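The sequence and structure are shown below.

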Amino acid sequence: MTKRLDGKVALVTGAARGLGRAYALRLAELGADVGVIDINLKSYEEFEGEAKLMTAGSTMDEVRTLGVKSVGAEADITKREEVYAAVKKIEDALGPIDILVCNAGGGMGAPDGNKAAQINWEQFYGVTERNYYGTVYTCNAVVPGMKARGYGKVINVISVGGLIANSDGSYAHYGSAKAAIRQYTMELAQECGRYNVTCNCIAPGFIATGRLVENYRKAGEGTFLRNVAMKRFGTPEDCANVIEFLATDLSSYVNGAVIEVTGGTVGRMIMNEPSEA
């Protein structure tokens, strides 16, 4: 039986665990060979909840059990030269990349820290580099080849935090980095659309990955779910469904868009309001 992505090559960054792993497995189920870039290809070992989900020694091993090829490359996404070298390794092994999912990123610091006028500079630089810079480096390593071949699907992962602001101005370093990726993706879509290369964003909300589900419980689930119309956390599969749409011909005329996977997180993010002076 022919699958939607038979003969395609996909690359997912930050796919050793969590959402990136879910994306890699979904693309493999659809028939694509999958390259994985991560700073540590066994980073799942750092989190009990992630380790319990693994069915093999690495995401690449899990992908291979689905009957397709997979190659991994370790790289620090904030280092341009490492990103380019990792992309070359994967293309040398699997062939030109047709589908790119820039998932690597993440935050730093306490959720109620890094208010807009009270930035921790070390965390600001770290978050900006691992999210915005890493996405730009990866796209610049991959997209010129897509343009030359006249085909490509670019999916950049932002966050609901890049679309709305926390009501107390917190986590501003992360939100602004994700917002920058959104704008960059819109620019990329304008450049690449004429070459049959589409560039879109997925914006997850509160997703219960193996790493985060315990954090949600400890902090009090209601703190987060009060922002969600559906009153439940999302799953990695909810996000992978949108990745499937954006990576296949189902989205052939979708370009420069942001698809929210938030269960209806709208308006603003309610945080602990500062006390009156």
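## Basis of the description

Helices and strands are here DSSP runs, a helix having at least four residues (H or I) and a strand at least two (E), numbered from the N terminus. The model is predicted.

## The sheet

Seven strands build an open sheet with parallel pairing, in the order β3-β2-β1-β4-β5-β6-β7. At its edges are β3 (70–74) and β7 (258–261), each of which pairs on one side only. On average, neighbouring strands of this sheet are turned by 15 degrees against each other, direction ignored.

Five bridges connect β2 (residues 33–38) with β3 in the parallel sense. I37 stands opposite A73 in β3.

## Helices on the sheet

Helix α4 (residues 80–94) packs on the sheet and touches β1 (9–13), β2 and β3. The direction of α4 makes about 165 degrees with that of β3.

Helix α6 (residues 172–192) lies across β5 (152–157), β6 (197–204) and β7.

Two or more lining residues are given by each of α1 (18–29) and α9 (236–247). Helix α1 supplies the largest share of this lining, six residues.

By class, seven residues of the lining of the second largest pocket are nonpolar, five are polar and six are charged.

Note on methods:
Residues numbered from 1 in each chain as written. Predicted model: local features only at pLDDT ≥ 70, side-chain atom pairs only at ≥ 80, totals over all residues. Heavy atoms only, no water. Pairing = 2+ DSSP bridges. Axes fitted to C-alpha atoms, helices over the stretch in contact; angles between N-to-C directions. Contact = heavy atoms within 4.5 Å. Nonpolar A, V, L, I, M, F, W, Y, C, P; charged D, E, K, R; others polar.
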